[in-house]
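I opened the file and kept notes as I went. The entries follow the order in which I looked things up.

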Amino acid sequence: MRSTRLAASPALLTCLLLAGCSSVPLGTSDPSSPGASAPSPSGAAGAGHPIAVGAGPQKKYTVQQQPAAGSCHYRYEKGEPLEDPKCTPGAISPAVTQANLKSTICRKGGYTSGIRPSTYVTGKEKKLNAASYGYTGNMGDAEYDHEISLQLGGDPNDPRNLWVEPPDPGHKKGGGVNNLKDPVETKLHTAVCAGKVTLAQAQKAIVTDWTTALSSLGLN
């Protein structure tokens with residue numbers, strides 16, 4: 001077999017001979033150089049990632065594939081359950097923008113009831129997502145929750161925006177769904193429609209950490 005010798009370029013030879021030449025391996029970027037991209041941290045949009053955009057309201061919803069069983073893990077802040085940002089980073093609806101708030105989420109008469117998927121669809125998704133998160137509690141006490149709520153322009157049926165939210169600490173078993181995240185979403189919605197915060201600010205705050213969303217925006 002004939003061997004092939006690679007000829008070094010004049011620029012490479014010069015670099016090797018001069019002192020102070022970078023030791024960054026060929027074919028890679030020097031992370032300290034201007035314009036170099038640092039590795040992106042994993043996590044939710046609140047950690048620096050843009051929020052994903054879903055398909056938006058549909059005339060007919062279908063059951064969405066959920067993360068693999070046991071692949072998602074709850075986090076807790078002062079006992080309150082938070083989603084796994086890798087499984088549920090949130091997703092927004094392209095149908096809701098800052099420019100059309102008055103005709104969508106802020107319009108009189110409501111907006112969310114006309115875009116919700118049917119319980120036939122969400123019921124199947126909820127069971128699958130419970131397996132994703134390893135939730136084994138009373139299903140009637142757990143909410144199949146939109147991470148970015150519909151009243152904040154969240155996507156109605158994107159699997160990145162839905163998770164089985166366990167009941168709050170001290171919740172009476174069999175008492176049904178009653179989570180502290182819900183009033184936080186309502187206060188954010190009120191603030192958005194009153195012009196106190198932008199839609200994007202509210203969405204970012206809720207996906208970062210719903211337990212601190214109001215305080216982070218000065219709405220406490």
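**Ground rules.** I note that this is a predicted model, in which local features need pLDDT of at least 70, side-chain atom pairs count only at pLDDT 80 or more, and totals for chains, interfaces and linings use all residues. Residues are numbered from 1 along each chain as its sequence is written, and side-chain values use heavy atoms, with hydrogens and water left out.

**Confidence.** I checked pLDDT, the predictor's confidence in each residue, from 0 to 100. The average for the protein is 83, and 78% of the residues score at least 70. Over residues 1-44 pLDDT stays under 50, and the model has 18 contacts beyond four places in sequence for them. A contact means heavy atoms within 4.5 Å.

**Layout.** I counted five helices and six strands, in the order α-β-β-β-β-α-β-β-α-α-α along the sequence. Helices (H or I, at least four residues) and strands (E, at least two) are DSSP runs, numbered from the N terminus. Of the 220 residues, 38% count as buried; buried means under 20% relative accessible area, exposed over 50%, and partly exposed in between (1.4 Å probe, protein chains only). Among contacts with a separation of 6 or more, 72% are between residues 24 or more positions apart.

**Largest pocket.** Which residues lie nearest the centre of the largest pocket? I found R116, E143, Y144, D145 and H146 there, out of 18 lining residues. Elements giving two or more residues to this lining are α2 (119-133), β5 and α3 (181-193). The space in the pocket is about 350 Å³. A pocket here is found on a 1 Å grid over the protein atoms alone, as an open set of points where a 1.4 Å probe fits, with protein on both sides within 12 Å along at least five of seven lines; lining residues have an atom within 4 Å of a point. Grid points are joined across faces, edges and corners, and the volume is the space filled by probe spheres set on the points.

**H146.** I looked next at H146, in strand β5 (residues 143-146). H146 counts as buried because its relative accessibility is 10%. A polar atom of its side chain lies 2.7 Å from the backbone oxygen of P156. Its contacts beyond four places in sequence include R116, N161, K181 and E185.

**K181.** Is K181 buried or exposed? K181, in helix α3, has 0% relative accessibility and so counts as buried. Its side chain makes a polar contact of 2.3 Å with that of E185. A polar contact is a pair of N or O atoms within 3.5 Å; within protein, one must be able to donate a hydrogen and the other to accept it, and residues adjacent in sequence count only if both atoms are side-chain atoms. A polar atom of the K181 side chain also lies 3.2 Å from the backbone oxygen of E147. Beyond four places in sequence, K181 touches D145, H146, E147, E165, I206 and W210.

**Helix α4.** I206 belongs to the buried set of α4 (residues 199-208), with L199, A202, Q203, A205 and V207. The cover over these buried residues includes β4 (91-92), α3 and α5 (213-216).

**Y74.** I found Y74 in the loop between β1 (52-53) and β2. With a relative accessible area of 17%, Y74 is buried. Its side chain reaches the backbone oxygen of V164 at 2.5 Å, and its contacts beyond four places in sequence include L82, Y133 and W163.

**K78.** K78 sits in the loop between β2 (75-77) and β3 (80-82). At 82% relative accessibility, K78 counts as exposed. I noted its positive phi of about 55 degrees, although K78 is not a glycine. Most residues other than glycine have a negative phi.

**P159.** My last entry is P159, in the loop between β5 and β6 (162-165). P159 is partly exposed because its relative accessibility is 21%. P159 and T88 are 71 residues apart in sequence, yet 7.4 Å apart C-alpha to C-alpha.
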